[in-house]
Structure formats: C-alpha cells, structure tokens
Amino acid sequence: MTTNPLPQSPLLDASGVAKNYGAVAALRNASLSVLPGEVHALMGANGAGKSTLVKILTGAISANAGRILIRGEARDIRSPAAARRAGLLPVYQEPSLIPDLDVLSNLRLTGTPVEPFRAWVRELGIADLDLRDTARDIPLAVLRVLDLARALAAEPDVLLLDEMTAALPANLAEKVLEVVRRQGDAGRAVIFISHRFVEISALCDRATVLRDGETVGVVDIVPGVEEKIVELMLGTRIVKTHVAARSAAEKAVSAPARPRLAVRNLRVGTKLSDVSFDLRDGEVAGVVALEGQGQDELFAALAGSIRPSGGTIEVDGQPAKLSHPIDAIRAGIAYVPGDRSEALAMQRSVRENIALPFSAALRNWGPIPMRRERAKVLGAIERLQIDTRAQGEVQRLSGGNQQKVTIARWIAADARTILCFDPTRGIDVGTKQEIYKLLRELAGHGKSVLFYTSELEEVQRVCDRVIVIFGGRLVDIFPVEEADEPALMRAAYGLPRGAKADIGILADPTASDAPSSDALGTKP
Amino acid sequence: MSTSAITPVPFGRRLKRFMADRPLVPLIILLVILVVILQILRPGIVNERWIANTIKFAIPLAILAGCQTMTMLTGGIDLSVGTVATVSAFIMATQIVNQDPVIAFLLAMMPAVLIGLINGIGVGVFRVHPLIMTLGTSLIGTGCLQVYQRTVIASGAKIPDFLAWLGTGVTWGFPNALLLFIPLAALIVFTLARTGFGRLLYAVGDNERATRLSGVQYWQVITALYLTSSLLAGITGLLYIGLIKAPSLSLAEPLVLPSVAAAVIGGTSIFGGRGGYTGTIIGALILTVLTTLLTILQMPEGARRILFGLIVLFVTAAYLRIVEER
C-alpha cells in the first residue's frame, strides 16, 4: 500500500481514536480511512460512537488518544477552524445557521462565497430561496439543505455528512443523494453517516462499521452486504431482524363504537385546513406527509401546544378545549416531539425527566412520594430497556436512549393516547425495532397512537391505518394492507390512489428489501 | 461496569472526579483555608466568640442567597431582596411603636408579598426579564419607603426586644439566629431535593419548553417562586434589623450583590438548572470570612473592594473548573 502513494493513499486516515466522558467510553479504538473519490459510509448502532468520531475529526471535541493523518501528514485538529483549514467540513444533524441572522450574514460569518452557494442551493432543489430570510423562519428541512450547500461552496476535500437525509422529504433527499454521489465522482471524499441501507447501497463505495466505540469492520458495498453490516453493527446480539406478520396479541383490539379522538374540520392558520379524522382506542394511525405539509401543526394542536383557528377536537365524545399542554395531558393525550431537545431537561437525571409530568399540577408540588415514583420510573425504564449507565444527566445518553426517555415519561404517566412525531429519526436499527414493538403493544393494551414518520417503510410495520396529509389537507385515509411504499409515496405527493406513476427510486418497492447499486437515478 | 473502570486512573483525575461528584468538598476546603490564614495573620482571633459572630453575620446573607439560588435555578435572579428586606425591617421598627407586635409583623410582611407577586406575575405572565423586573420593583419599593418615612418620621422607631434577641443573642455559644436559620435552611434544601416544586425549578431552568410539554404551567411556578423569594427576604429583613439595630433606608441593600456572589460561589449556575442550597450556605460563610479577613488587613476601602472582587472572580472560576467535567 505505502509503495504506491498516489492516487490510492487515503485523504484521511484516523486510527486508534479514543474518547472518554467520565466513566463512559464513547470511543475505544476507532479507525477510519477514506480514499480520494469515494463515498464512505460510517455505520453503527446508536451509541456506537459515530457522532463522537465525526466531532473529533472536525475538531468540535478533542480525542483522548489516537492519530489523525490528512494526506499522510499527522494533524492535530484542535478546533473546527483547524479542521476547515485541513479541508474537512462537516454537516451535522442539527442545523448550524445562526437563527437570528439572515442567510447572507450567516454566509459571511464563515466566509462562504455567495455565488457558488446559490448555485448549490439551486442544484439541491430549492428554487426560491431569499438570502435575506432570517434563518429562524426557514423550515428545518431547508435549513439542512442550506448547511450542505454552504459546505459544498467551500469545496472541502473531505465532506462529513451526519444523517444528511434524516427529516428530509423524499424529493429533497433524492437531490441531496445525487449531489453527494457527484462529489465522489469529482475526486473528493465524502464520509456519509446514515441508517438507511437504500441510500448507502446507492451511494457508497465502502463502509466502516463501528460497534461500542471500536471499528469492527471495513466492507466494500456490494449487493447483499447489508446482512454482513447488520451483523457487524449488532455483534452477536441480533442475527437478523425481520418483521413477521403481526401476532394476535399485537393486533388492534376490535374497534369500540365511540372514537377516542374525533377531529373535525381542524384549521391552523394557513398551514392546516379542514382536517377531519377519528382515532380509535387500540389502534396505531400513521400520518404520512412530506416535510412541512401541516403535520407539525396538526400534532401541536392536538397536544395543546398551539391553538387551532377553527374546527373541533372531541375526546371520548366530549368537545375538548386544548389551550395548554396540561389540558391535553389531563385528557390523557401525550405528545412526544420529534426533536428530543424539546422534550428533555438535558442536565437532569433520567429519573427526573421521566417523572416530570408527575409534578406538573399545583397539587403535586408537595413532597414527592419517592418510593412510588421510583417504582413507576423503574417500570418504564425496564419496559423500554433504557441503558441507564449514564443516567445522571440525560445529555450523556445516546440519541436512541434519549428518545426512549421521552416515550418512557408517558408510559410511566400511563397516557391513553400518544402522539409520536417521527420518534425514530436518526436512531439505530435496534432501537427502532424496540419502538415499533412498543407502539404495537400499546395498541394491544387498548391505547391509541398517532404516529407520524418520515420513513415510509415504518408505516407497514407499525400502523393499522394511514392518514395522508398533503398541502395542509387530509387527502386520503386507507388501511395498512394497501399501504405499500409506492402507494404511500404517491399519496404523499397528493396523487390519486391506484394511478400508476414512477416517481423516483424511493417508490421502487424492491429498493428497501434488496437495494441494488444502480437504484439511484436509473428510473425515469 | 465499563472497561475504563478497570484501567488505573491517575490520582489527579481521580481527585477531580471526586471533587466533581462532591462539589461541597472544595468549598469547605477553601473555607478552612481562609480561616487558617486569618488565624495566622491575627493569632487568637479564631475563638468561640468570633465563630458565633461570623455565623450571625453570615445568616442574613445566606437566606438572601437562598432567594438567589432558587431564582437562579430557573434562570432568573431577584435583585429586589435588599429592598424587600429593608422595607420589612423599616416598617417593623416604626409600626412596633404604636401597634401590637403581631399586627406590626403582618404590616411588615405585606410589602414583601406585594413585591413578590408583582415580580412573579411580571416574569411569569408578561415575560419581563427577571433582572429588569426585580430591579424595577426594587426601585419602586425604595421610593415608596422614602414616602413612608416622611409620614412616620414623628413617631420614631424602636427595635423589638425579640428581634434583638434573635439577631444578636447568643445562647451557650450558639447564635439565637440559628433557631430561625436551621429550620429555614432545612426547608429550602428539602424543597429543592424532594418536592415537586423543587423539581420544577430545576426543570424550568433547564428546558422550559420541555416542562410546558409535560404540562407545567410556567406562570404558576414563577409566581410561587418570586413570592417565596420575597417572603424569605422579608423575614431576613426582620432578622437583620435585630442584628444591625439601626433602621435606615438602605439597610439591607449592601447584601444584594454579595447574595448573588454567594450563590454563584456555591455552585449555582446563573443560567439555570444547576446548583443547590448547601453550596450557597458555604458560599455565604466564605464571603463573610473573606470580609473579616480584608478588614483586619487594614487596607484602604478601595483596595479592599478591589481585592474582594478579584477573589470572588478567581474563586468562582477556579471552582467551576474543578467541578465541571470536560
């Protein structure tokens, strides 16, 4: 290898990287080697250390041990600016534009040239961006694309993308994948972190797999490699995860006469209009929508977070006025927001976070019945199998475990209806499976769940019925039996059901089961 | 459990970990060091009487610092505590001349309730920044007190015997003020650690949005908090007048900023969500001992203040460095 340094010497070569947070070792012995011109997947279950490794590579945090070579030279990347100078640029999961500045000022901050940025933004499928818009007013999905465009405009040698397509609607995601692929073709390198095999097999040349803070394998992406990667990621814990037909216990209980929630002609400003549907006890109703079609407003209105401007919400047949989340909670409706940082007190313990709703009401401000609280909290922790090694502060948990805490809170509070907004965003396969199972169990126990997901394949695994929202209107409701991915995708784009139309690779029913390397862009 | 526990950890790190787990330890060490320095500079000064005296002066500061601790946990601050204490003390001292002690007490606590409610509603409902809100009510309170002073100027003032006994008295070597302070401190510590209200203070300071989604009504928590803070300040005023024995229009004002400093030195974050009252108590003791120390150095007032400020800054920075991981 070393005898022929060009062109196959790695652009980036990290080895033996370790990082401890107190007693918790986030990384033990991670290595990553990226060649010029390749799109390299970095994979691993939650808490495997992907994000930590990326932060070390980009100078956001410093490693306790390890060696990082860039173009063969040992570099000590002490700050994001140093990483930038070395040609490494990250796009993190969280948007990085400063919310109170407009886009142009944000560009100036990083010295990003404006014209290339504009070109990339157009390339990435956003036609009507006004650079004078304040970042705060731009939807999350677009912000993430802008982050990518900003990174691309700086022409880095190595681009690090952390869950780049998470929370992106399918149309934007496709554009992003195309652009990333072309970066590789242009001789640059991309490190691509994703949980989606479809994307990985369509995009990547090789994959480095992390498990428990160690690099456990580097594999070439060839058809059928998924099983191998999953095995590496999960170690000996799970050999293969497959969704079996729903067992009798998981089936929805027979529908009672009166719906749990009856939403009639709900309207929220200009975002949502004339939405009517029922949610019954014992069912999981899936909400399918592209980004920003009004689903956020629907969930917020049902949770009492925002006041609807029209329509009615009935709970158990009684009209309900939900003007504060406490009203919804009293009616047994709990809301799990998509953004974990919205739901958790990050510096507080797992226990306090789970027990938070217990203290909310004025009459519960007195002494806490510690033993009873402990029993309830432990029950919920066990039910969700939360890894409590770092339970002193929720911020030290991995994303998947944090997500579990947000759900555990409402299991402990025994909410009858749970509104789950994209609970599996950016978390690992194992945790996803656990969440699917939990939602089914809840329905089995007669609870009701409204479940929005940005990953269409989840609908079939979890839901009984599908509610499709497009352009702020409810366009279709159909049983899960008819909800294969092409049908969902068509519905999500507002196309009539039953009509045949090819709309990109994500509509390809074979894509999620047996991804092939030509899956991207070959379909008209 | 994890492998890092097996590998030997260097002593420095272990010490740091120990300090981080028990943030009180470095504070107590600092307090002891200050006392030792004092003893070296002026041998024999540290005796039973000195200790009782120090505690006597630290207690009003510690209670006001308790107000700051609780409000700071939510990301707020209460700058009106000095005014509230002064007003309560002043009204008590003037009303006791003509009124029944119970009536005088109730009259003295009324402004505390009023200012607390206004602070709480302003911060909790109208979302005025606590710094501005409490500064505003503090100025208004001082103004009202000046008007009030003119109306009662003829009746004179006296310090009730009971308050003098509580403020300055010493029984078997223990200051009587401890009779008030120990239950009060225990109550604050218990409230913060083991009650729903205490939990909410931490949670609101950490992530207000999360508490809202959990059904917490912010205005209720904040109103109750500032009301509590004001009541504590009013009680402190009564204790303090018993200690100082000279009612004035700026009686407790000099305690306001030290009360903030005591809470910060004690490890409470001004950004909310972190801290506790035991640290604050030691913070108040440290500041009191420090004041004595600087007094016996016989420096000019200006130099003393400069040194005081520098030490507070240094101690806070060093302490955070020791306690915070990463």
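In the predicted model, a salt bridge joins the side chains of B:E301 and B:R304, with an N to O distance of 2.6 Å. Both residues belong to helix α14 (residues 301–323) of chain B, where they are three residues apart, about one turn of the helix. In an α-helix there are 3.6 residues a turn, so residues three or four places apart point the same way. B:E301 is partly exposed, with a relative accessible area of 39%, and B:R304 is likewise partly exposed, at 24%.

B:R304 is also one of the residues touched by B:L294, together with B:M299, B:L307 and B:F308, when residues up to four places away in sequence are not counted. B:L294 is located in helix α13 (residues 277–296) of chain B. Its relative accessibility is 3%, and B:L294 therefore counts as buried. Although B:L294 and B:F308 are 14 residues apart along the chain, their C-alpha atoms are separated by 7.7 Å.

Chain B as a whole contains 14 helices and two strands. Of its 326 residues, 51% are buried. Among the contacts in chain B with a separation of 6 or more, 78% are between residues 24 or more positions apart. Helix α12 (residues 256–265) of chain B is largely enclosed by the rest of the structure, because eight of its ten residues are buried. The buried residues of α12(B) include B:V256, B:S259, B:V260 and B:I265. After α12(B) comes B:G267, which has a positive phi near 100 degrees.

The largest nonpolar core comprises 94 residues, and those with the most contacts inside it are B:F181, B:L192, B:L201, B:V221 and B:Y277. The greatest contribution to this core, twelve residues, is made by helix α11 (residues 218–244) of chain B. Another core, of 50 residues, lies apart from it and has A:V91, A:L146, A:V209 and A:M233 among its members. In soluble globular proteins, nonpolar side chains tend to be buried together.

The contact between the chains involves 33 residues from chain B and 41 residues from chain A. About 3,200 Å² is buried between chain B and chain A, with carbon and sulfur atoms giving 52% of this area. Within chain B, the residues that lose the most area to chain A are B:R199, B:R212 and B:L213, which together account for 22% of what that side buries. Three salt bridges are found across the interface of chain B and chain A. A:E342 and B:R209 form a salt bridge in which the closest N and O atoms are 2.9 Å apart. Between chain B and chain A, 17 residue pairs are in polar contact. On the side of chain B that touches chain A, helices α8 (177–194), α9 (196–206), α10 (208–213) and α11 each supply at least two residues. The most is given by α9(B), with seven residues. This side of chain B consists of eleven nonpolar, 13 polar and nine charged residues.

Over all chains, the count of salt bridges comes to 29. In chain A, A:R264 forms a salt bridge with A:D278, the closest N and O atoms being 2.9 Å apart. A:R264 lies in strand β11 (residues 261–268) and A:D278 in strand β12 (residues 272–279) of chain A, so the pair ties together parts that are 14 residues apart in sequence. Both partners are partly exposed, A:R264 with a relative accessible area of 32% and A:D278 at 23%. A salt bridge of 4.0 Å, N to O, joins A:R396 and A:E393. Here A:R396 is partly exposed, at 35%, whereas A:E393 is buried, at 12%.

A network of salt bridges links A:R260, A:D281, A:D316 and A:R416. A:D316 is situated in the loop between β14 (310–315) and β15 (318–320) of chain A, and its phi is positive, about 50 degrees, although A:D316 is not a glycine. A:R71, also not a glycine, has a positive phi of about 50 degrees and lies in the loop between β4 (65–70) and β5 (73–74) of chain A.

Conventions
Residues are numbered from 1 along each chain as its sequence is written. Chains are lettered from A and ligands numbered from 1 in the order in which they are written. This is a predicted model: local features need pLDDT of at least 70, side-chain atom pairs count only at pLDDT 80 or more; totals for chains, interfaces and linings use all residues. Side-chain values use heavy atoms; hydrogens and water are left out. A nonpolar core is a set of buried Ala, Val, Leu, Ile, Met, Phe, Trp, Tyr and Cys residues joined through side-chain atoms within 4.5 Å. Buried means under 20% relative accessible area, exposed over 50%, partly exposed in between (1.4 Å probe, protein chains only). Helices (H or I, at least four residues) and strands (E, at least two) are DSSP runs, numbered from the N terminus. Contact means heavy atoms within 4.5 Å. Buried area is the accessible area (1.4 Å probe) that two parts lose on being put together, summed over both. A polar contact is a pair of N or O atoms within 3.5 Å; within protein, one must be able to donate a hydrogen and the other to accept it, and residues adjacent in sequence count only if both atoms are side-chain atoms. Ala, Val, Leu, Ile, Met, Phe, Trp, Tyr, Cys and Pro count as nonpolar, Asp, Glu, Lys and Arg as charged, and the others, Gly among them, as polar.
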